[in-house]
Amino acid sequence: KKESINYIDEKFVERLKPNSVLIVIGFTDAFIEKVISICLKNKIRPLLVGSNPKTFYGPKTSCVIIDRENAMLNNVSNLINNGYKHIAMMGVNPLVYTDVSHMDGYRLALMKHGITNCEKDIYYNTESIDNTINNFLKNVKSYDAVVCTNDYVATYLLAKLNELNIRVPQDLAITGAGNIEISQFTNPPLTTIEIPLESAGKQT
């Protein structure tokens, strides 16, 4: 029997049979470590999907690793190779490892192309996404492209740009990450990084 929860419910875990496998999708180390602790206490094996590849959670935890850093590196390199020279990064939450992995890939791509002073071009999401986007819009004319940490951020930014009559991609190119369903229905359609969670989770 398959069940799903989107928060930590210790009673739910306690109801599982010993040696069951619990699939865990989380994006902060604090959340993941808490779930692992609850699982191991109840003799449940956690299976982390898309977990932080730089963190070792112990021999009793299984992981499906997604190389988000390399995905963003290739994304930014593709923009540079297509003539974009001033690329910002939008929506980085320093507590969310997927955002940090994307940021690492962004920095590495710029460094490989001889761009080293990029910290001012990273727009962190530490208070609210509205504040982050407003800070970016103050400098929007400085950029010809922006890469977003995920499709939600990209979709929200795209809506704001449409309100301001800033044309995408003519005035500003945007990319998201995740290829979630909503990205297919934006105007214009959102360019996004495919994160292959389904194929990564298939056992061969």
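Predicted model: local features only at pLDDT ≥ 70, side-chain atom pairs only at ≥ 80, totals over all residues.

Q: OK, how many helices and strands does the protein have?
A: Seven helices and eight strands.

Q: And how much of the protein is buried?
A: Of the 204 residues, 42% are buried.

Q: What share of the contacts with a separation of 6 or more comes from residues 24 or more positions apart?
A: That share is 60%.

Q: Aromatics next. How many aromatic pairs are there?
A: The structure holds three. One of them is Tyr123 with Tyr143, which is edge-to-face. The ring centres are 6.2 Å apart, with 85° between the planes.

Q: Where do Tyr123 and Tyr143 sit in the chain?
A: Tyr123 is in strand E5, residues 122–124. Tyr143 is in the loop between helix H5 (129–137) and strand E6 (145–148). They are 20 residues apart, and the pair links distant parts of the chain.

Q: Is Tyr143 buried or exposed?
A: Tyr143 is buried, at a relative accessible area of 10%. Tyr123 is buried as well, at 8%.

Q: Why is the pair of Phe136 and Tyr143 called stacked?
A: Because the planes of Phe136 and Tyr143 are at 20°, and planes under 30 degrees apart count as stacked. The centres of the two rings lie 5.6 Å apart.

Q: How accessible is Phe136?
A: Its relative accessibility is 0%, so Phe136 counts as buried.

Q: Which residues form one aromatic cluster?
A: Tyr123, Phe136 and Tyr143 do.

Q: Let's stay with H5. How do the axes of H5 and H6 run?
A: H6 covers residues 151–163. The two axes come within 11 Å and cross at roughly 50°. H5 and H6 are therefore oblique to each other. Their crossing is right-handed.

Q: Which residues make that contact?
A: On the H5 side, Ile129, Asp130, Ile133, Phe136 and Leu137. On the H6 side, Val153, Tyr156, Leu157, Lys160 and Leu161.

Q: How does the contact of H5 with H6 divide by class?
A: Eight residues are nonpolar and two are charged, with no polar ones.

Q: Is Thr132 buried or exposed?
A: Buried, at 2% relative accessibility.

Q: Now E6. Where is Val147, and what is it in contact with?
A: Val147 is in strand E6. Neighbours within four places in sequence aside, Val147 is in contact with Met72, Asn75, Val76, Leu79, Ile87, Ala88, Met89, Met90, Tyr106 and Thr175. Met72, Val76 and Tyr106 are also part of the contact between H3 and H4.

Q: How far is Val147 from Asn75?
A: Their C-alpha atoms are separated by 8.4 Å, and the two are 72 residues apart along the chain.

Q: How accessible is Val147?
A: Val147 is at 0% relative accessibility, so it counts as buried.

Q: Last topic: Ala30. Where is Ala30, and is Ala30 buried or exposed?
A: Ala30 is in helix H2, residues 29–41. At 57% relative accessibility, Ala30 counts as exposed.

Q: And how far is Ala30 from Val96?
A: The C-alpha to C-alpha distance is 9.7 Å. In sequence, Ala30 and Val96 are 66 residues apart.

How values were computed. Residues numbered from 1 in each chain as written. Heavy atoms only, no water. Phe/Tyr/Trp six-rings, centres within 6.5 Å; stacked < 30°, edge-to-face > 60°. Helix = DSSP H or I, 4+ residues; strand = E, 2+ residues; numbered from the N terminus. Buried < 20%, exposed > 50% of the residue type's maximum accessible area, 1.4 Å probe, protein only. Axes fitted to C-alpha atoms, helices over the stretch in contact; angles between N-to-C directions. Parallel < 35°, antiparallel > 145°, perpendicular 65-115°, else oblique. Left-handed = near helix turned anticlockwise from the far one by under 90°. Contact = heavy atoms within 4.5 Å. Nonpolar A, V, L, I, M, F, W, Y, C, P; charged D, E, K, R; others polar.
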